[in-house]
Amino acid sequence: MAQWEKIKQDFPIFHSEKNRNLTYLDSAATSQKPKKVIDAVTYFYENYYSNVHRGIYSLSEIATDMYEKARENVSSFIGSASPEQVVFLRNTTEALNLLSYTLGRDLVAGDEVLISIMEHHSNIVPWQFLEERGIKVSYTDITEEGKLDMEDFSRKLTPRTRIVSMTQVSNLLGTINPVRVMGKMAHDNGSIFIVDGAQSVPHMKVDVRDIGCDFLAFSGHKMLGPSGIGVLYGKQEMLEEMHPFLGGGEMIRTVSTSGSTWNDVPLKFEAGTPNMEGAIGLSAAVDYLDEIGMDQVRDHEMDLIHYTLKLEEEYNIDDLVSYGPRNPDARGGVYSFNMGEIPPMDMDSQFRDNGMVIGSSVHPHDVSSSLDEADVAVRSGHHCAMPLNHRLGVVATSRASYYIYNTRNDVEKLFDQLEKIRKVYDHGR
Amino acid sequence: MDDEEQMEFIMEHYRHPHNSGVVENPTDEITEYNPVCGDAVKVSMLIKDNRVQDIRFVGRGCSISQASASILTDEARGKNIEELKKITEKEHLDSIGIKLGPSREKCALLSFNALKKILVKYGGE
Ligand SMILES: Cc1ncc(COP(=O)(O)O)c(C=O)c1O
């Protein structure tokens with residue numbers, strides 16, 4: 001365990017006086033940054049900052065080189081055959097919008113896009129945009145345990161399914177989905193297979209060729225890198241055939257008044273001045289994660305979630321419910337819970353008893369505010385997965401999510417505080 | 001009052017809300033619901049001779065949203081329409097007394113917004 005205490009020391013945010021006691025349990029939203037990443041960005045700003053792919057002077061050539069080296073580094077991190085298959089974008093959201101816009105052009109009324117009920121809004125809304133053209137979005141259901149319902153998946157995979165887009169790890173349930181199997185089924189069905197890797201790439205070894213996906217999207221800020229840098233990996237021939245997304249500088253070869261031609265992949269998709277410092281910072285984050293080893297990262301988070309589920313049973317807090325698979329093997333470092341559930345309101349049967357309907361529930365807002373007073377940062381809300389909340393019969397949950405700077409101490413602190421909150425809210429009832 | 005005392009004041013309103021229930025034969029009734037967090041309040045009110053004769057609420061949700069409704073209904077009881085219209089957002093937030101971030105302010109304003117919607121009928125904004 002000492003190893004992880006030491007790793008925490010690499011993150012300056014935990015050194016500052018006011019964050020001395022901070023227990024940061026919101027890495028599924030965004031991760032903290034190690035010194036090495038901060039330094040890499042600063043180094044670029046202080047020594048080589050200039051625009052890439054443009055200047056014919058050495059400063060710009062070095063900047064271009066650094067930017068392209070970052071691409072190579074990220075490419076090998078995810079097992080991509082070539083760096084040309086790595087497009088730098090803003091984040092997962094932008095990558096998925098790019099796919100819906102470009103791949104969506106080839107879809108016609110009656111075609112289907114298959115996603116799941118556990119998707120983040122960024123893997124739902126861009127596909128819903130296609131509905132106005134008569135394209136249908138279907139949602140794979142989950143089992144009672146919170147796993148993807150594979151029978152439902154194969155039922156909903158129809159001859160009209162042109163695209164299957166699935167998250168590898170649920171940001172609310174933590175569920176790890178069998179993307180390799182789903183990819184095979186999608187391909188056998190003649191569908192394009194997209195993986196939302198926002199919650200997997202930061203936390204486990206993800207190899208695009210092993211999965212066999214056509215596209216993978218993920219965000220730098222959730223994996224120790226800067227915000228504003230994200231990645232779309234794609235199969236070479238598909239990227240080449242696709243229409244560009246944004247138009248502008250960099251993405252063109254020629255522009256004339258009679259039309260334009262496109263640059264090669266990946267620059268075809270990188271219109272405008274890119275987030276150079278972001279790419280360079282992400283590359284440093286990848287180096288840092290590689291040094292630790294992604295299998296190590298995964299083992300550590302498995303230990304934390306295992307310990308969480310164990311403490312949940314030991315503390316046995318009244319009315320505490322949690323969601324997602326109980327087996328740490330099938331689950332990332334995400335723990336969503338409620339202290340008594342608040343279901344969505346049915347406006348017809350509202351307040352039937354004409355009295356307060358709080359019962360013994362502590363609203364997730366109150367849970368996270370109270371935890372915040374003890375310097376424990378968790379997120380409360382729908383976690384950008386409203387359909388999943390609805391499926392679970394709740395409007396919101398609180399969520400603790402782990403990363404490499406968390407330790408078993410943090411888990412203990414979480415449960416100690418939850419026990420206190422239970423007492424405060426029970427007091428005087 | 002310091003923060004802790006103020007928080008206890010809120011918790012007291014939350015655990016034992018004032019004016020809970022539904023007014024019989026109300027002149028006005030409205031439900032406000034925030035689907036994002038599930039907070040809900042139903043405010044019912046009896047206005048006679050231009051004055052709040054009775055005001056009650058039922059609801060569910062976080063401590064701030066429910067305590068806020070309890071405090072607001074206390075404040076509104078007995079006031080005349082003109083006085084009600086004069087209660088500002090800021091005054092209401094001040095009466096909660098603890099510092100709220102932007103997301104929790106929404107909780108505190110749920111009942112306030114319900115009241116303001118009722119007042120539209122009486123020429124409020
Ligand atoms: C599963 C999943 N997909 C997509 C996203 C969107 O990531 P971003 O906000 O970086 O675009 C998130 C982040 O919350 C996520 O958890």
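**Domains, cores and contacts**

Mentor: Start with the domains: in chain A, the C-alpha centres of domain 1 and domain 2 lie 29 Å apart. Keep in mind that this is a predicted model.

Trainee: Where are the bounds of domain 1 and domain 2 in chain A?

Mentor: Domain 1 of chain A is 3-30 + 294-427. Domain 2 of chain A is 38-290.

Trainee: And how many residues does each domain of chain A put into the contact?

Mentor: Domain 1 of chain A gives 38 residues and domain 2 of chain A gives 33 residues. Between them they bury about 2900 Å². Carbon and sulfur atoms make up 60% of that area.

Trainee: Ok, cores. Which residues touch the most other members of the largest nonpolar core?

Mentor: That core has 68 residues, and those with the most contacts to other members are A:Ile78, A:Phe88, A:Phe193, A:Leu216, A:Met223, A:Leu224 and A:Ile404. Helix 10 (residues 276-292) of chain A gives the largest share, 10 residues. Both domain 1 and domain 2 of chain A contribute to this core, so it lies between them.

Trainee: What does A:Phe88 touch?

Mentor: Leaving out residues up to four places away in sequence, its contacts include A:Tyr67, A:Val74, A:Ile229, A:Val231, A:Ala279 and A:Leu282. A:Arg71 and A:Glu270 are among them too.

Trainee: A:Leu224 was also in that list. Is A:Leu224 buried or exposed?

Mentor: Buried: A:Leu224 has 0% relative accessibility, and the cut-off is under 20%. A:Leu224 sits in the loop between strand 7 (215-219) and strand 8 (230-234) of chain A. Its phi is near 80 degrees, a positive value in a residue other than glycine. For background, most residues other than glycine have a negative phi.

Trainee: What about peptide bonds? Which residues does a cis bond join?

Mentor: A:Val265 and A:Pro266, with omega about 5 degrees. A:Pro266 is in the loop between strand 10 (259-262) and helix 10 of chain A.

Trainee: Switching to helix 12 of chain A. How many of its residues are buried?

Mentor: Seven of its 10 residues, so call helix 12 (residues 364-373) of chain A mostly covered. Among the buried ones are A:Pro364, A:His365, A:Asp366 and A:Leu371. After helix 12 of chain A comes A:Asp375, with a positive phi near 60 degrees.

Trainee: And chain A as a whole?

Mentor: Chain A has 14 helices and 15 strands. Of its 429 residues, 58% count as buried. The C-alpha trace of chain A spans about 75 × 55 × 35 Å along its principal axes.

Trainee: Now chain B. What is its pattern along the sequence?

Mentor: Chain B reads α-β-β-β-α-α-α-α. That is five helices and three strands. With a radius of gyration of 14 Å, close to the 14 Å from the globule rule for 125 residues, chain B is as compact as a globular protein of that length. Of the 125 residues of chain B, 54% count as buried.

Trainee: Where is B:Asn50?

Mentor: B:Asn50 is in the loop between strand 2 (39-48) and strand 3 (51-60) of chain B. Its phi is near 65 degrees, again a positive value in a residue other than glycine. B:Asn50 counts as partly exposed, at 46% relative accessibility.

Trainee: Last one. How many residues of chain B are in contact with chain A?

Mentor: 29 residues of chain B, against 25 residues of chain A. The two chains bury about 2200 Å² between them, with 61% of it from carbon and sulfur atoms.

Trainee: Which three residues supply more of the area that chain B buries than any other three?

Mentor: B:Tyr14, B:Arg15 and B:Arg60. They supply 28% of the area that chain B buries against chain A.

Conventions: Residues are numbered from 1 along each chain as its sequence is written. Chains are lettered from A and ligands numbered from 1 in the order in which they are written. This is a predicted model: local features need pLDDT of at least 70, side-chain atom pairs count only at pLDDT 80 or more; totals for chains, interfaces and linings use all residues. Side-chain values use heavy atoms; hydrogens and water are left out. A nonpolar core is a set of buried Ala, Val, Leu, Ile, Met, Phe, Trp, Tyr and Cys residues joined through side-chain atoms within 4.5 Å. Buried means under 20% relative accessible area, exposed over 50%, partly exposed in between (1.4 Å probe, protein chains only). Helices (H or I, at least four residues) and strands (E, at least two) are DSSP runs, numbered from the N terminus. Domain bounds come from an automatic or database domain assignment. Contact means heavy atoms within 4.5 Å. Buried area is the accessible area (1.4 Å probe) that two parts lose on being put together, summed over both. The radius of gyration is taken over C-alpha atoms; the globule rule is 2.2 Å times the number of residues to the power 0.38.
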